[in-house]
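Hi,

Here is the structure I promised to pass on to you. Have a look at it first, and then read on for what turned up.

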Amino acid sequence: MGRLLAIDGLNIVRRVYEASQEPDSPEKAEIALRHALSSFRTLLHDHDPTHVLPAFDFGGRTWRHDLYAGYREGRAPMPSPLRDALPAFYDKLRGFGMHVVSLPEVEADDVIGTVVMRWLAEGRGEATIATTDKDLHGLIANGARVWDHFKGEWHDHAWVEKKWGVPPEQLPDLLALMGDVTDSIPGVSKVGVKTAAKLLRTYGTLDAIMAGAGILKDTLGETLRKEREMLYLSRQLVALKTDVRVGVSWNMLLWPH
């Protein structure tokens, strides 16, 4: 059986870059990318995959911006020295034999979601995602495994339940309810992780919550009714797009042992 390793590229690169307190500079970018390259090597060595998908955000507008103009408006842009150094970093990865995937108008999450779901649907073996991104943890519900490279730990059903109070299959609904500050996804006013998890444990799904919101006489019920449209928009924004035209074959992702 095969072993797919999907690497959320910028998740690793940005974390390594931002770990340094030095001011932005080409030197800082060069050092960070050298460490990131070492992280990629470690992942390949430790997970011994048969197939590798290094996915990177392309940058610029995505389909989510078309849905909601305020998407990611609060997020600081990538420091220009790092952005300028990325093409050479991709060349290094290609030199190792990796097929870098970075597509306009979709995020790396969508690329990973599409490829991982296809891999699992075709019964090709296990799929590991190297990321700390919460959106990708929903794929655990479909049989994927998530590896936190920085903490050196596996994230499974139990980990998701302990962290967020819901199983992986309810994670997109939870994120829609509570919103996501880093991506400027609004969610529902004054609904945090605990309230969102409680609602989902009680009702099961967003639709069931909204069906029950009519009988909730408190301010929560009123807020849910008033912000219904924004809630469903948030749900669309947090959902992974899993039908991306990735343009790669399994052979292209083969990793030489």
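Helices (H or I, at least four residues) and strands (E, at least two) are DSSP runs, numbered from the N terminus.

A word on the source: this is a predicted model, where local features need pLDDT of at least 70 and side-chain atom pairs count only at pLDDT 80 or more, while totals for chains, interfaces and linings use all residues. Residues are numbered from 1 along each chain as its sequence is written, and side-chain values use heavy atoms, leaving out hydrogens and water.

Now to the sheet. Five strands make an open, mixed sheet in the order β2-β1-β3-β4-β5, where pairing requires at least two DSSP bridges between two strands. Strand β4 (residues 145-148) pairs with β5 in the antiparallel sense over three bridges, and Trp147 stands opposite Trp154 in β5. Helix α5 (residues 108-121) packs on the sheet and touches β1, β2 and β3 (125-130). The direction of α5 makes about 170 degrees with that of β1; axes are lines fitted to C-alpha atoms, for helices over the stretch in contact, and angles run from 0 to 180 degrees between N-to-C directions.

On to the aromatics. There are seven aromatic pairs in the structure, meaning Phe, Tyr or Trp rings (for Trp, the six-membered ring) with centres within 6.5 Å; planes under 30 degrees apart are stacked, over 60 edge-to-face, and the rest tilted. Phe40 and Phe89 are edge-to-face, because their ring centres are 5.7 Å apart and their planes stand at 85 degrees. Phe40 belongs to helix α2 (residues 26-47) and Phe89 to helix α4 (residues 80-96), so the pair ties together parts that are 49 residues apart in sequence. Phe40 is buried, at 0% relative accessible area, and Phe89 is buried at 2%.

Best wishes

Terms used. Buried < 20%, exposed > 50% of the residue type's maximum accessible area, 1.4 Å probe, protein only. Contact = heavy atoms within 4.5 Å.
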